[in-house]
Structure formats: C-alpha cells, structure tokens
Amino acid sequence: MAPDYQPVACSFYDELEALATRKKQVYLQYFNDLRQLCQGPATFKTFFVRDHVEFAQLASGEEVRLDHIIRIDDTPAPGFIEYPDFRCGC
C-alpha cells in the first residue's frame, strides 16, 4: 500500500459510482502524482485498485487516485473541505 494513501469514505465512493453509472460529465479538480493541480470537465468510466490504492479511470483514459480528488462540481471531496474552489472566474 502506498504510505500516504488515505482510503475514501464509502459514501463518497458510492457517489462516484453513481456519476459513472449515469455517465454524467462533471468539473473535476484533483492532484496528480506530482501534487500538481489538474482540473477540467471529466466523466468517470470505471474504478480499480492497484497496489492497494483506489483509482478512477476517466473516459479520457486518465487515472486519478480517489484520495487525490479535491472537488467535483461545487462539492468538496472528503478531506478537502477547507480547500478553495480553484476554478477561474474569468
């Protein structure tokens, strides 16, 4: 298991699965493996576990660690409640 991995709450995982089932496009904000902020429209495709770490595969083919998701649309992810919304208001 990755030493810094934090399992996500079951209720959050259920929300992600519901989004994938409906193929709903969302505005996703997350940190990549280099802790760089990534954001933009995304659609969840499937979920998997690699080395005891949970990931989402997006329709674009990108893989996102579930514990690195910051915000989905206007809703902050667990563990990121205090983070601001990084979308540009321009």
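Tyr30 stands opposite Ile69 in strand 5. The structure is a predicted model, in which local features need pLDDT of at least 70 and side-chain atom pairs count only at pLDDT 80 or more, while totals for chains, interfaces and linings use all residues. Residues are numbered from 1 along each chain as its sequence is written, and side-chain values use heavy atoms, with hydrogens and water left out.

Strands are DSSP runs of E with at least two residues, helices are runs of H or I with at least four, and both are numbered from the N terminus. Two strands count as paired if DSSP finds at least two bridges between them. Strand 1 and strand 5 pair in the antiparallel sense over 3 bridges. Strand 1 is also joined to strand 2 (residues 37-50) by 7 bridges, and these two strands run antiparallel. Within strand 2, Cys38 is the bridge partner of Tyr30, and Gln39 stands opposite Gln29. Strand 1 and strand 2 form a hairpin with 5 residues between them, and Arg35 in the turn has a positive phi of about 65°.

The open sheet consists of 6 strands in the order 4-3-2-1-5-6, with antiparallel pairing. Strand 4 and strand 6 (75-76) stand at the edges with a single partner strand each, so one side of each has no neighbour in the sheet. Helix 1 (residues 10-22) packs on the sheet and touches strand 1, strand 2, strand 3 (53-58) and strand 5; contact means heavy atoms within 4.5 Å. The direction of helix 1 makes about 105° with that of strand 2 (axes are lines fitted to C-alpha atoms, for helices over the stretch in contact, and angles run from 0 to 180 degrees between N-to-C directions).

Strand 1 (residues 25-31) is largely enclosed by the rest of the structure, because 5 of its 7 residues are buried. His68, in the loop between strand 4 (63-65) and strand 5 (69-72), counts as buried because its relative accessibility is 7%. Not counting residues up to four places away in sequence, His68 touches Gln29, Tyr30, Phe31, Asn32, Asp33, Arg35 and Phe80.

Conventions: Buried < 20%, exposed > 50% of the residue type's maximum accessible area, 1.4 Å probe, protein only.
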